[in-house]
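Here is a short tour to read alongside the sequence and the coordinates. Please keep the viewer open and follow the topics in turn.

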Amino acid sequence: MNLRIFQGIRGKLLLVSLVLLAIPVLGYRFINDMEAFLREGQELALASTTRAIAATLSDRPRLFLTPQDTPGDDAALERRKILALFSTSDPETLAELGTAYAPSEEIERILGLLSRSASRIWVVDTRSRVRGLSGTLKGQAAQEETRDTQRGDWLARLLVRWTRLSASSERDAPGSASQAVMAQVDRALIGVPTAYWRLAHDRRGVILSAAQPVWVGDNIVGAVVVEETTGAIQALKLNALSNLLTITLIVFLAGFVTLLLFASRLAARVRKLGLEAETAIDAQGRIRGDIVASREKDEIGELSRHLSAVVRRLGDYNAYLESMAGKLSHELRTPVAVVRSSLDNLMLHTPGDSETQVYIERANVGVMRLSSLISRLSEATRLEHFLQNAGCEAFDLRTVIAGCVEGYRGAYPGQGFAFDAGSGTLCIEGVPDAIAQLLDKLVANAMDFCAPGAAIAISLHGEGSEAVLSVGNTGPLLPQGLDQALFSSMVSVRPEHHGGVEGNVGHLGLGLYLVRLIADFHGGRATLKNRPDGGGVTAIVALPLHRKPEETIRRS
Amino acid sequence: MAKRVALVEDDRMIRENIADALKKSGYEVSTFHNRTDALTAFRVRLPELALIDIGLGQEIDGGFALCRELRSMSEQLPIIFLSARDGDFDIVSGLRLGADDYLTKDVSLPHLLARIAALFRRIDALASPARSEDVVARGDLTLDLNRLAVTWKTQTVVLTVTEFWMVHALVKFPGHVKNRDQLMDEAEMVVDDSTVTSHMKRIRKKFLVVDDTFDHIETVYGMGYRWKP
C-alpha cells in the first residue's frame, strides 16, 4: 500500500473516519443480546406449554395402561428407533417405529386437542414406548426455507450463515444428538424437566425441545416432549443483521464521500495558498506578486490573510530598500552641486596660484568621482524609467549583438573577442538599446575578471522558444552559493586590487543587478555559472523569442 | 548693457554660487527663492533670461507653474530648468512648456555659462538677418548655428540647446559614428550613457512629429549614433 496516500489531509481524514466502524460492531452486539433474550423467551414459553400438556395428562391412571406386553422386546432396538425418529422431523418414519409405537387412543385424542401448528408433541411411557405423537415440524421448516430463499438479495444469502442460532452444545453433530435426547427423556422420566436446543439433521435450523414428567399421584408414568422450530428468531436475526449491514454500508459510503469531498476541498485550499506563497517571492527573494486575502472565516482564511499581510509588508520594505539608492542619490545631488559650484567659482576666478590650483584640482576630481557614483546609484531607477517609457519593438537580436561586438573590438583593441552567432534572424520584442546596455555590462564584467591574453567568448543561439546569449571568460570561478546573490543590488565579489574597466571610479556591484533588470523586463532570465571545465565563468541570458517574426523589423 | 538674468532657486548656497559665477561673467543677476516673489518681480519687469529650479520650497513642481506664467508673458524669453531629479527630463519634455533647456543641479558652471551665452547669441541673431555661413544644410535638414534653429523639410523642429548641439555633432560629418562620450563633449555636459540615450530618443520623437518617416538618426549598437545621409 502506498503510504504516501495517507500522508495528505485526505488520507488522514479517511483513517480517522474508520472510527465509524464502531457502528456495526455495536449493532452486532445489540443483535446478539436481542437473540439471547428471545431464546430465553421461547424456552420459557415452550417449558410452560409442556407443563400444561403434562398437567392435562396427569392424574389419569388409565391413560398409560399398556394393552399388552410384547414379549422379548428388544428394548435397545426400540430405543434406537425412537431416538432416530427424534432426530428427524419426518413423521413418515412412523412406520419404522414398529412396536415402539403403541399409541393410546385416549392420549392421541387429547393431543389432538392440544396440538399446535409449529410443534410436535411426544408422549412416552416409562418403557420408552411412544404412546402418542402429534404435529409436525416439517411444514414450518419448509416455510422457513422458502422464505429464506425468497430473500433473493445477496446480503441475506451471505448472512444466513451468520444467523444460525447456536445449539446447546456445538460439538454435537446433527442427528447424533441422540445422547442428549436420551438424557432428556431419561431425566424427564425421573422427574427433571429440561429444555434442549439441537441442530436439525439437515443443518437448516435449530430445534428446541422441552420435556416434562407426567405424574399420577406420586408416580411418574411417562413424559411429554414438545419440540418447536426456532425459525422465527432466526428470521428476525437475519432481518436485523441485514438491515444493520445495509445501513452501515450506506452510512459508511455517505460519510466516506462527504469526508473525501471535504478533505479534498481543504487540501486544495491549502495547496493553493502554498502555491500563491511560493510564487509571490521569486528565486532571488524579490516580491513578484501578491497573495489575495481570502474572505473565509475559518483558520485557513486567517492564514491566507496573515500571509497576504506579510507579503505586502515585505514588498513594501523591499521597495523602500530598492528606492533608497535612488532617494539617496537625489538627496546627495544638492550638496554635491554646492561643492561643485563653489569649486567652479574658485577655479574660474582665482589668481593662478599653483598651490591653490592643485588643491582645487584634487577637490574637483573627488567631486566628479562622487558625482559619478551618485549617478550610478540612481542608474537602476533611471533604467526602470527608461524601460517603462521606451517603446517595445520587434528587432533582430543578431544584428544588435553583432554590432556591439564590432564596437567592442574597436573600443578595446587589446582584448580578444570570439563571436559565435550562427545564422538566421532571432527576433525578439523589447528595447534594443537596453539589450546593448545589458551586453555592455556583461562584457565589462567579463573583461574585469578575464585572465590576460585570453579571449572573451560571446555566443548567440536559438534554443526552442528562446534566444540564448552567453558571455564567457577564463578566469577565477564564482564563489560557492553566491551565484544568484550576485544579481542583487550592491553585492560584489571583486578583490580590492582589481582595476579593470570600472577602474578608479569605484565599484558598487550594480552591473549584474542592471543585467537582471533588463532580462526580467524582456521576460527572460539571467544566470551565472562556472564553466564545466572549471576554467572560468559564463553568464547566460535567455530571452523569449517573438512569436510573429513577420512584423516589420525596424532598425533605427 | 549687461544682460539681466533671473535666478529662482530655493537652496541658498547653490543660488549664491550660481549668482556669483553669473555676475563674474558680466551678467546682472536678480535672485528669488520662491515662486511668488519671482512672479511679483516679473510682473514689474521681465528679465532677459530665466534660470528656474523646478522644486521650489514646498511646491514640488513650482518651477513648471512659474514657467507657464512666464511664457504667457513672453514667448521669446529663454528659460532654463534646473532640477535635482532625473525623472524630470521626460516630464519637462512631455509638458511642452517651451523651455529652452534642462539641466541637473550639479552641472558644472562652465557648461551652464556656455548655454546661457548661446541663448543670448540666439536672441541677437534673431534680431538680425540670417547669415548663410552659420547655416549647415544636409539634405532636408538645415541648422542655423546662431539662431539655434532646426528645420526639416522646411518645417521647424523645436530642440533644446543640448539637443541642438547633439544633432550638430552628428551632422557635422554625416555617416561618421559619434560615440556617447563625443556627443557629451559637444553638448557641453557630463552625464551617463543612458541619459545620452534618452536625449537621442527625445530628439527622434521630435523629428517624427514633423515627419513620421524620419529615420536618419541611426543607432550603431556598441558604438554610438550616426546621421544617415
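In chain A, five strands build an open sheet with mixed pairing, and their order is β7-β9-β10-β12-β11. Bear in mind as you browse that this is a predicted model.

- β7(A) runs parallel to β9 (residues 456-463) of chain A, and four bridges join the two.

**Where chain A touches chain B**

- The contact draws 35 residues from chain A and 30 residues from chain B.
- On the chain A side, the elements that give two or more residues are α10 (299-349), α11 (354-377), α12 (379-389), α13 (397-411) and α14 (432-449).
- Of these, α10(A) provides the largest share, with 13 residues.
- By residue class, the chain A side of the contact divides into twelve nonpolar, 16 polar and seven charged residues.

**Nonpolar cores**

- As a general background, nonpolar side chains in soluble globular proteins tend to be buried together.
- The largest nonpolar core here has 67 residues, and I52(B) and V167(B) are those with the most contacts inside it.
- Helix α6 (residues 161-172) of chain B gives this core its largest share, seven residues.
- Which residues is I52(B) in contact with, leaving aside its neighbours within four places in sequence? They are V8(B), G63(B), L66(B), C67(B), I79(B), F81(B) and L82(B).
- Another core, of 42 residues, lies apart from the largest one, and its members include I458(A), A467(A), V537(A) and V541(A).

**Chain B at a glance**

- Chain B has eight helices and twelve strands.
- Of the 229 residues in chain B, 45% are buried.
- Among the chain B contacts with a separation of 6 or more, 55% are between residues 24 or more positions apart.

**Helix α3 of chain B**

- Helix α3 (residues 62-73) of chain B has twelve residues and, at 1.5 Å a residue, should span 16 Å; its end C-alpha atoms are 17 Å apart, which agrees.
- The buried residues of α3(B) are G62(B), G63(B), F64(B), L66(B), C67(B) and L70(B).
- G63(B), L66(B) and C67(B) are also among the contacts of I52(B).

**Two positive phi values in chain B**

- T154(B) has a phi near 65°, a positive value in a residue other than glycine.
- T154(B) sits in the loop between β8 (149-152) and β9 (155-157) of chain B.
- Is T154(B) buried or exposed? T154(B) is exposed, because 8 other C-beta atoms lie within 10 Å, and a residue with 12 or fewer counts as exposed.
- E188(B) has a phi near 55°, a positive value in a residue other than glycine.
- The loop between α7 (180-186) and α8 (193-210) of chain B holds E188(B).
- With 19 C-beta neighbours inside 10 Å, E188(B) counts as partly exposed, since a buried residue needs 20 or more.

Notes. Residues numbered from 1 in each chain as written. Chains lettered and ligands numbered in written order. Predicted model: local features only at pLDDT ≥ 70, side-chain atom pairs only at ≥ 80, totals over all residues. Expected span 1.5 Å × (residues − 1). Contact = placed C-beta atoms within 7 Å. Nonpolar A, V, L, I, M, F, W, Y, C, P; charged D, E, K, R; others polar. Pairing = 2+ DSSP bridges. Core = buried A, V, L, I, M, F, W, Y, C linked by C-beta atoms within 7 Å.
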